[in-house]
Amino acid sequence: MRLLVTGGAGFIGMHVVDAALAKGWQVRVLDSLAPGIHPRPPRFDPRVELVTGDAADPDTVDHALDGVDTVCHQSAKVGLGVSFADAPDYIRNNDFATAVLLAGMERRGVARLVLASSMVVYGEGAYTDPETGQPVRPGPRAESDLQAGIYDPRNPQTGTVLAPAMVTEDARLDPRNVYAASKLSQEHLASAWARSTGGSAVALRYHNVYGPRMPRDTPYAGVASLFRSALARGEAPRVFEDGAQRRSFIHVRDVAAANLAAAGFVDGMPRGGFRAYNVGADEVHTIGDVAAALSRFGNGPAPVVTGEYRLGDVRHITASSALIKDELGWAPSIGFDEGMREFATAPLRGQD
Ligand SMILES: NC(=O)c1ccc[n+]([C@@H]2O[C@H](COP(=O)([O-])OP(=O)(O)OC[C@H]3O[C@@H](n4cnc5c(N)ncnc54)[C@H](O)[C@@H]3O)[C@@H](O)[C@H]2O)c1
């Protein structure tokens with residue numbers, strides 16, 4: 001297998017590169033290595049061929065695609081950003097760059113794509129009404145509820161407080177910010193490319209990814225990294241709401257393994273096919289659990305549950321990864337305690 005990993009210098013991309021090398025695959029990386037993301041140039045295994053450049057530049061993409069069988073497209077501008085002023089940058093690096101890449105793949109006859117997507121395409125997670133047992137789409141959370149410490153959303157018809165359920169791939173898609181919209185648009189582009197060129201594409205909707213070399217706290221970082229960075233400063237992790245927000249935290253090496261499984265799978269897919277899969281852990285944990293585990297394994301101060309809230313935050317989102325297990329034979333292998341124990345002292349990107 002000759003694999004191109006875009007964003008191969010990033011947190012997840014580097015783990016995909018390591019896993020592909022371990023399988024004996026030939027690996028090329030395309031990454032812009034922008035100093036804002038990479039304060040120091042990352043070090044690569046000597047077997048990796050590095051193309052430094054912008055995925056939105058057609059000549060760079062042509063060069064990077066030369067002789068490649070499959071593209072594992074990880075490069076993107078990640079996180080929630082600082083303000084709406086970031087929107088053009090998200091669209092440029094995520095959607096425009098994906099369009100340039102896919103056009104290059106058509107030119108070069110590269111017909112297999114694995115796309116890094118995200119759980120953010122769902123917006124709020126799945127819920128059931130405990131009184132009826134029926135699935136319900138929650139209404140927006142009211143500020144008065146949040147102030148009163150009622151954090152779970154309500155049934156918009158009856159006002160009953162809802163119970164969280166597992167999100168499956170057929171859930172309604174509801175991207176709620178520019179990053180989420182750009183990730184969903186990447187999926188739509190990949191699907192349109194597959195249909196129009198006869199290529200095949202798999203989108204992996206990663207849930208909260210954590211593990212070694214995660215970027216340290218920036219406005220674009222995930223919550224596990226914010227807790228780790230606080231602990232590294234000797235401070236207690238600050239947990240919003242009541243800490244009971246449920247997420248599917250998934251270890252980065254398991255995400256890399258899902259990418260390899262998908263790269264094998266796209267090979268045998270029907271031409272013009274597009275599939276999307278959740279990639280999450282089997283165990284459901286809360287954000288409070290993550291803060292507590294990192295404090296415990298890192299011998300740091302216990303978390304502080306602050307009751308602070310942000311109106312737009314998603315309350316619960318937990319994935320069912322049954323489909324990818326069924327169809328690709330992938331399953332997570334690193335349990336929560338094992339992963340958090342390692343992550344509590346693992347190096348972060350950008351940490352001195
Ligand atoms: N980290 C998570 O929890 C998570 C969750 C869901 C989805 N994802 C997706 O996974 C992918 C990888 O995320 P990550 O956490 O490793 O992010 P990251 O920022 O660590 O890595 C992204 C890499 O892409 C590169 N890049 C960005 N724009 C580029 C461009 N225009 N041209 C070339 N290279 C460019 C960056 O230099 C960086 O090395 C992204 O597509 C992201 O949306 C991540």
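In this predicted model, the side chain of K183 places an N or O atom 2.8 Å from an oxygen atom of the ligand. The protein covers 92% of the 830 Å² of accessible area that the ligand has on its own. A polar backbone atom of I12 is 2.8 Å from an oxygen atom of the ligand, and a backbone N or O atom of A55 lies 2.8 Å from a nitrogen atom of the ligand.

**The shell around the ligand**

The ligand is surrounded by 27 residues, of which D31, H38, Y179, K183 and R349 are the closest. By class, the shell is made up of 12 nonpolar, 11 polar and 4 charged residues. Three elements, α1 (11-22), β5 (112-118) and α5 (178-197), each contribute at least two residues to this shell. The greatest contribution comes from β5, which gives 3 residues.

**Aromatic pairs**

Across the whole structure, a search finds 3 aromatic pairs. One of them joins Y90 and Y179: the ring centres are 6.0 Å apart and the planes stand at 55°, so this pair is tilted. The two residues belong to distant parts of the chain, with Y90 in helix α3 (residues 87-108) and Y179 in helix α5, 89 residues apart. Y90 has a relative accessible area of 2% and is therefore buried. Y179, which is among the closest residues to the ligand, also counts as buried, because its relative accessibility is 12%, where the limit for a buried residue is under 20%.

Another pair is formed by F265 and Y277. Their ring centres lie 6.2 Å apart and their planes meet at 80°, so the arrangement is edge-to-face. This pair, too, links distant parts of the chain: F265 is in helix α7 (residues 252-268) and Y277 in strand β14 (residues 274-279), 12 residues apart. F265 counts as partly exposed because its relative accessibility is 25%, whereas Y277 is buried, with a relative accessible area of 0%.

**Charges over rings**

| Charged residue | Ring | Distance from charged end to ring centre |
|---|---|---|
| R228 | F343 | 5.7 Å |
| R296 | F297 | 4.7 Å |

In the R228 entry, the charged end of the arginine sits over the ring of F343. In the R296 entry, the charged end sits over the ring of F297.

**Two further buried residues**

S200 is located in strand β9 (residues 200-206). With a relative accessibility of 5%, S200 counts as buried. The side chain of S200 reaches the backbone oxygen of V266 at a distance of 3.2 Å.

L162 occupies the loop between α4 (143-147) and β8 (163-167). L162 is buried as well, since its relative accessible area is 3%. Its C-alpha atom is separated by 5.9 Å from that of T128, although L162 and T128 are 34 residues apart along the chain.

**Summary**

Note on methods:
Residues numbered from 1 in each chain as written. Predicted model: local features only at pLDDT ≥ 70, side-chain atom pairs only at ≥ 80, totals over all residues. Heavy atoms only, no water. Near = heavy atom within 4 Å. Polar contact = N/O pair within 3.5 Å; in protein donor to acceptor, adjacent residues only side chain to side chain. Areas by Shrake-Rupley, 256 points an atom, 1.4 Å probe, with all protein chains shown as cover. Helix = DSSP H or I, 4+ residues; strand = E, 2+ residues; numbered from the N terminus. Nonpolar A, V, L, I, M, F, W, Y, C, P; charged D, E, K, R; others polar. Phe/Tyr/Trp six-rings, centres within 6.5 Å; stacked < 30°, edge-to-face > 60°. Buried < 20%, exposed > 50% of the residue type's maximum accessible area, 1.4 Å probe, protein only. Lys NZ or Arg CZ within 6 Å of the ring centre and 35° of its normal.
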